[in-house]
Amino acid sequence: MPRTLSIDISPCPNDTFIFHALLHGLVETPLSFHPTLADVEALNAMAAQGGPDVCKVSVAAAAGLLDEYVLIRCGGAMGYGVGPVLVGCEGGTLAALDGARVAIPGRMTTANLLFGLCCREKGVTPDRVEMVYDEVMPAIHSGQVQAGVVIHEGRFTFAEHGLVRLLDLGAWWEESRGLPIPLGAIVVRRSLGDEVIGEVERAVRESIRYARQNPEAGQAWIRENAQEMDDAVIARHIETFVTEHSLDIGTEGERAIAALLDEAAREQGVRLSGKMLFSGA
């Protein structure tokens, strides 16, 4: 089985925390990994183009990937209180965004899916403008857009940028569906076979366990990839997005992912693959 696999993840602290041990030889595995780090929407595109063997993707984007990829049960971002947030200027409302320009962090992101579902329910039709997630808040400040959907550290820092929360989209999903919000997941190419897929899942889970038992080990690499994020925000980011569902999605997580994939397939006009969703299923 020994082989080298390509693996694409984001530079965000939750991903670098989870994968540090695996990518630095601290997990015993017959596999080796060649990593690429990129923004989440770039990762979605890479997987759609059939690139990496293993990839972190938005759960919304996974709806169109399941013929070629299978979801593993660990390594993703899912939980309560972790969803994207719609932010804008003081006094703004969702209703006022009908016809307005609103920034989204990529068309295939779970954040955009949630925003679209909520807008449809509320009868609001904004003009969605795609941009890289770290450009969203500056675009609101400059007047380029009236509001924006923030993800990652933006959930914690929008107030520092003089913005206010207009709507917590994760909370909206939780209240309307009674499920945690599945933001991102790890997919593995089906053609690798069950043995390799199972070993990837085992190794990712061991990498998370190592990170939790040795939290100092990956700090320098996590900080290097987090760019200008300060240590307090990095710690909060990891605490928020690396949950028990990251170690194993469990039955509740399976239901949450299946529900969101159904919504994504309808929005994208695609038919979900009839193949199994999860490894080992």
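## Arg205 in helix α8

Contact here means that heavy atoms lie within 4.5 Å. In this predicted model, Arg205 belongs to helix α8, which covers residues 194-213. Once its neighbours within four places in sequence are left aside, Arg205 is in contact with Arg73, Cys74, Leu247 and Asp248. The relative accessibility of Arg205 is 14%, and the residue therefore counts as buried, given that the cut-off for burial is under 20%.

## Helix α4 and its surroundings

Helix α4 is formed by residues 110-122, and its 13 residues reach 18 Å from the first C-alpha to the last, which is close to the 18 Å expected at 1.5 Å a residue. Because 10 of these 13 residues are buried, α4 is largely enclosed by the rest of the structure. The buried positions run through Thr110, Ala111, Asn112, Leu113, Leu114, Phe115, Gly116, Leu117, Cys118 and Cys119. Just after the helix, Gly123 adopts a positive phi of about 70°.

## Trp172 and its contacts

Trp172 is located in helix α7, made up of residues 169-177, and it counts as buried because its relative accessibility is 8%. With neighbours within four places in sequence set aside, the residues in contact with Trp172 are Leu114, Leu117, Cys118, Glu121 and Arg177. Among these partners, Leu114, Leu117 and Cys118 are also listed with the buried residues of α4.

For the pair Trp172 and Leu114, a separation of 58 residues in sequence goes with a C-alpha to C-alpha distance of 8.7 Å in space.

How values were computed: Residues are numbered from 1 along each chain as its sequence is written. This is a predicted model: local features need pLDDT of at least 70, side-chain atom pairs count only at pLDDT 80 or more; totals for chains, interfaces and linings use all residues. Side-chain values use heavy atoms; hydrogens and water are left out. Helices (H or I, at least four residues) and strands (E, at least two) are DSSP runs, numbered from the N terminus. Buried means under 20% relative accessible area, exposed over 50%, partly exposed in between (1.4 Å probe, protein chains only). The expected span of a helix is 1.5 Å times one less than its number of residues.
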